[in-house]
Each structure stands twice: as structure tokens, then as C-alpha cells.
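Dear colleague,

Please find the structure below, handed over for your records. My findings follow directly after it.

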Amino acid sequence: MMIQKKLKELKSGQLFKRKPEAKTTFIREHYNRADSWGPASFCCVDAEDIGRSIQLSPSKIVYIEEL
């Protein structure tokens, strides 16, 4: 079962998916503060391809596996 949470509520290193039915799993990494280059975001790395990363808003809704 998947649980909805805001990205900022996850701990660094925690796994999540962007949609409940998604195949790709991401790892929440470091926080980037807002500056003149862009808004605040979290760097999120693909769990299977560490060379692929995305920047997501801290308020983005993501899905984690319920334990």
C-alpha cells in the first residue's frame, strides 16, 4: 500500500515514487535553497541509475511504501 506525503516530510536517503503506479523509484537527496538561479528544490536521484537526477519542489506530493 502506498502513502501520500510531501517531499519535505521525507528523510534524506528515503525511497519514493512520483505516482502510485510508477515503475521508477527515486532517492531523496540534498536540499537546494532558493537563489537567483531558481526556486528551492530537492535533488532526487533515480535508484537504479545514479547518473539521472531531477529537481522537485519541497511541496511535491510523492508516494512511499507503507511498512
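Predicted model: local features only at pLDDT ≥ 70, side-chain atom pairs only at ≥ 80, totals over all residues.

S53 belongs to strand β5, which covers residues 53-56. With a relative accessible area of 41%, S53 is partly exposed, because that value falls between the 20% limit for buried residues and the 50% limit for exposed ones. The C-alpha atom of S53 is 9.6 Å from that of E29, a residue 24 positions away along the chain.

The residue R52 takes part in a salt bridge. Its side chain meets that of D46, with a distance of 3.1 Å from N to O. A search of the whole structure returns one salt bridge.

S57 sits in the loop that links β5 and β6, the latter strand being residues 61-65. Setting aside neighbours within four places in sequence, S57 is in contact with L7 and A40. S57 has a relative accessibility of 35% and therefore counts as partly exposed. Between the C-alpha atoms of S57 and Y31, which are 26 residues apart along the chain, the separation is 9.8 Å.

K8 lies in the loop between β1 (2-6) and β2 (15-16). Again leaving aside neighbours within four places in sequence, the contacts of K8 are R28, F42 and P58. As for K8 and R52, 44 residues apart along the chain, their C-alpha atoms are separated by 20 Å.

Turning to the chain as a whole, how many helices and strands does it have? There are zero helices and six strands, so the order of elements from the N terminus reads β-β-β-β-β-β. The radius of gyration is 12 Å, close to the 11 Å that the globule rule gives for 67 residues, and the chain is therefore as compact as a globular protein of that length. Along its principal axes, the C-alpha trace spans about 40 × 25 × 20 Å.

Of the 67 residues, 27% count as buried. The accessible surface of the chain comes to about 4,900 Å², and carbon and sulfur atoms contribute 51% of that area. Among contacts with a separation of 6 or more, 41% are made by residues 24 or more positions apart.

Finally, the charged side chains comprise 12 positive and 9 negative ones, and the centres of the two sets lie 6 Å apart. R52 and D46 are the pair joined in the salt bridge described above.

Yours sincerely

Conventions:
Residues numbered from 1 in each chain as written. Heavy atoms only, no water. Salt bridge = Lys/Arg side-chain N within 4 Å of Asp/Glu carboxyl O. Helix = DSSP H or I, 4+ residues; strand = E, 2+ residues; numbered from the N terminus. Rg over C-alpha atoms; globule rule 2.2 N^0.38 Å. Buried < 20%, exposed > 50% of the residue type's maximum accessible area, 1.4 Å probe, protein only. Contact = heavy atoms within 4.5 Å. Areas by Shrake-Rupley, 256 points an atom, 1.4 Å probe, with all protein chains shown as cover. Lys, Arg positive; Asp, Glu negative; His and termini not counted. Charge placed at Lys NZ, Arg CZ, Asp CG, Glu CD.
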